[in-house]
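Hi,

Here is the structure I promised to pass on.

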Amino acid sequence: MKEKNRIGSQPVARIDSIQLEYQKNLLTVKGPKGELDLNIPQKFDLQIGKDAISVVPIVMGDLKKKEIKDLQGTLRQIIFNMIEGVSNGFEKVLLLKGIGYKAQMEGEKLILNLGYSLPIQYTASKKIQIKVDKNVKIILSSCDKQELGQVAADIRSFRPPEPYKGKGVH
């Protein structure tokens, strides 16, 4: 029986403007938008060619185990997102909906007025750029997709959208 084509077995295309370094299970990706590092698990190795990168398990017999296949696909997608992030970057937009809800920047801090008695101050890491447009639109951008999603979730958790009137951070 022929096995399905899995994401993990597909190579990741390599872009010329990106520098890749792979030493002792540490992959470093450098590009115009930033630099990212990834620790590769001991069970895997990377084959870096001129135009593609492949994630390969060290022991080929392990490829039949489900967790190895799953982890191989996850590593491949993380590497793809790293290359995409340092070349183009990622962006998330959050909207504030509710009377009196507003956001503003004071230096590196994001100040949120979300209907509580005191404003909420949030400071993101240096990899995340925060812009506020018209006091109700927060634009987050970064080269690290995972950290960008976590920051967006943190900000959304201050006032999650409520199901009836839809007030909150969307």
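Let's start with Ser 87, which counts as buried because its relative accessibility is 15% (buried means under 20% relative accessible area, with a 1.4 Å probe and protein chains only). Bear in mind that this is a predicted model: local features need pLDDT of at least 70, side-chain atom pairs count only at pLDDT 80 or more, and totals for chains, interfaces and linings use all residues. Residues are numbered from 1 along each chain as its sequence is written, and side-chain values use heavy atoms, leaving out hydrogens and water.

Ser 87 belongs to helix α1, residues 66-87 (helices are DSSP runs of H or I, at least four residues, and strands are runs of E, at least two, numbered from the N terminus). Its side chain reaches the backbone oxygen of Ile 83 at 2.9 Å, and a polar atom of that side chain lies 3.2 Å from the backbone oxygen of Glu 84. Beyond its neighbours within four places in sequence, Ser 87 is in contact (heavy atoms within 4.5 Å) with Ile 15, Ile 18, Pro 32 and Lys 33.

Now for the cores. The largest nonpolar core has 20 residues, and Leu 96, Leu 110 and Leu 140 are among those with the most contacts inside it (such a core is a set of buried Ala, Val, Leu, Ile, Met, Phe, Trp, Tyr and Cys residues joined through side-chain atoms within 4.5 Å). Two or more residues each come from β7, β9, β10, β12 and α2, with α2 giving the largest share, 4 residues. Apart from this core lies another of 19 residues, including Leu 27 and Phe 44.

Cheers

Conventions:
Buried < 20%, exposed > 50% of the residue type's maximum accessible area, 1.4 Å probe, protein only. Polar contact = N/O pair within 3.5 Å; in protein donor to acceptor, adjacent residues only side chain to side chain.
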